[in-house]
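Student: I have a new model open and would like to learn how to read it. Where do we begin?

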Amino acid sequence: MTVVTLTINDRLISAKKGSTILEAAEDADIFIPTLCRLKGLSPRGGCRLCLVEVEGSPRLTASCITQAQEGMVVRTETETLGRYRRMIIELLLTERNHVCAVCVMNGRCELQRMAARLGVDHVRYEYRYPDLAVDASHERHVRDPNRCILCARCVRVCDEVEGAHTLDMMGRGIHTNVITGMNIPWGKTRSCTSCGKCVQVCPTGAIFSKGTGVAEMEKRQDFLAWILSGRDDNIWNW
Ligand code: FES
């Protein structure tokens with residue numbers, strides 16, 4: 001196995017050639033916050049929470065999509081990174097309607113937990129309060145875009161694991177949304193197998209099963225444990 005040697009937070013780390021900075025850090029028990037990344041799915045680089053500083057690079061680097069290189073010098077905890085990460089969480093919280101008190105994922109939500117972990121106890125930006133329609137047309141599941149952080153985990157698990165290709169992303173910028181089929185109600189799609197994998201991987205309460213309460217949603221843990229197998233910073237162990 002070819003390895004590369006890099007420095008992360010003043011520690012000399014050996015990583016398998018081809019692994020990302022994030023994977024190298026995880027193997028060395030160095031925590032880097034993530035939201036869109038889920039082991040077992042292709043990396044997306046969408047949430048930017050995993051930003052790190054790489055010596056010689058003029059910009060912050062998304063560690064989940066950047067390969068570890070020989071001689072790289074990386075910092076994962078700096079004042080700048082902390083500031084950016086908190087800002088990202090605040091922007092996510094204000095972009096949609098995240099009302100934890102009435103959410104099925106309250107207490108199990110990865111966004112909520114990440115906010116707590118990064119010390120986000122208030123937001124400095126105006127809430128946008130978008131008016132987004134909930135799709136409850138599927139016989140088993142509900143899609144609530146008000147709680148979506150556009151991580152695309154649902155899209156990727158539907159494509160890459162289930163092979164159903166029912167979910168996709170549509171639109172640009174602030175108008176980006178997860179859609180079902182060719183932007184038709186979920187219940188009218190023919191490709192959906194009702195497997196529920198999208199429910200299991202959603203980090204928030206944007207996709208959930210009908211009739212589920214908080215206790216039921218905790219069963220997601222089993223599926224995530226499978227998909228995260230081998231990952232030391234399993235978010236559920238916090
Ligand atoms: Fe790297 Fe989201 S975890 S960009």
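Tutor: We go from the overall fold to cores, cavities and single residues. Keep in mind that this is a predicted model.

Student: How many helices and strands does the protein chain have?

Tutor: The secondary structure comes to seven helices and nine strands. The protein chain has 238 residues, and 50% of them count as buried.

Student: What share of contacts joins residues at least 24 apart?

Tutor: Take contacts between residues at least 6 apart in sequence. Of these, 63% join residues at least 24 apart.

Student: How should I read a nonpolar core?

Tutor: In soluble globular proteins, nonpolar side chains tend to be buried together. Here the largest nonpolar core holds 43 residues. Leu6, Ile8, Leu35, Leu49, Val74, Ile89 and Leu111 touch the most other members.

Student: Which elements give two or more residues to this core?

Tutor: Three strands are on the list: E1 (3-8), E2 (11-16) and E3 (51-54). So are the helices H1 (21-27), H2 (79-95) and H3 (110-117). H2 gives the most, with five residues. The core draws at least three residues from each of domain 1 (3-77) and domain 2 (83-237).

Student: Arginine 85 is a charged residue. Where does arginine 85 lie, and is it buried or exposed?

Tutor: Arginine 85 lies in helix H2. The cut-off for buried is under 20% relative accessible area. Arginine 85 has 3% relative accessibility, so it counts as buried. Set aside neighbours within four places in sequence, and its contacts are Ile32, Pro33, Leu49, Leu51, Val52, Thr76, Glu77 and Leu118.

Student: How do I read a buried pattern along a helix?

Tutor: Use the helical repeat. An α-helix has 3.6 residues a turn, so residues three or four places apart point the same way. In H4 the buried residues are Arg153, Cys154, Val155, Arg156, Val157 and Cys158.

Student: Now cavities. How many does a search of the whole structure find?

Tutor: The search finds three cavities of 30 Å³ or more.

Student: What classes of residue make up the lining of the largest cavity?

Tutor: Twelve are nonpolar, two polar and five charged. Helix H4 (153-162) and strand E8 (177-180) each supply at least two lining residues.

Student: What should I look for in backbone angles?

Tutor: Most residues other than glycine have a negative phi, and most peptide bonds are trans. Alanine 152 has a positive phi of about 65° although it is not a glycine. Alanine 152 lies in the loop between strand E6 (141-143) and H4. At 4% relative accessibility, alanine 152 is buried.

Student: Where is asparagine 183 placed?

Tutor: Asparagine 183 is in the loop between E8 and helix H5 (197-201). Its phi is also positive, near 60°. Asparagine 183 is partly exposed, with a relative accessible area of 44%.

Student: And which glycine has a positive phi just after H3?

Tutor: Glycine 119, with a phi of about 80°. Glycine 119 is partly exposed at 46% relative accessibility. Just after H4, glycine 163 takes a positive phi of about 70°.

Student: Last one. Is leucine 38 buried or exposed?

Tutor: Leucine 38 has a relative accessible area of 2%, so it is buried. Leucine 38 lies in the loop between H1 and E3. Leucine 38 and cysteine 151 are 113 residues apart in sequence, yet 9.7 Å apart in space, C-alpha to C-alpha.

How values were computed: Residues are numbered from 1 along each chain as its sequence is written. Side-chain values use heavy atoms; hydrogens and water are left out. On a 1 Å grid over the protein atoms alone, a cavity is a set of points where a 1.4 Å probe fits but cannot get out, and a pocket is an open set with protein on both sides within 12 Å along at least five of seven lines; lining residues have an atom within 4 Å of a point. Grid points are joined across faces, edges and corners, and a volume is the space filled by probe spheres set on the points. Helices (H or I, at least four residues) and strands (E, at least two) are DSSP runs, numbered from the N terminus. A nonpolar core is a set of buried Ala, Val, Leu, Ile, Met, Phe, Trp, Tyr and Cys residues joined through side-chain atoms within 4.5 Å. Buried means under 20% relative accessible area, exposed over 50%, partly exposed in between (1.4 Å probe, protein chains only). Domain bounds come from an automatic or database domain assignment. Contact means heavy atoms within 4.5 Å.
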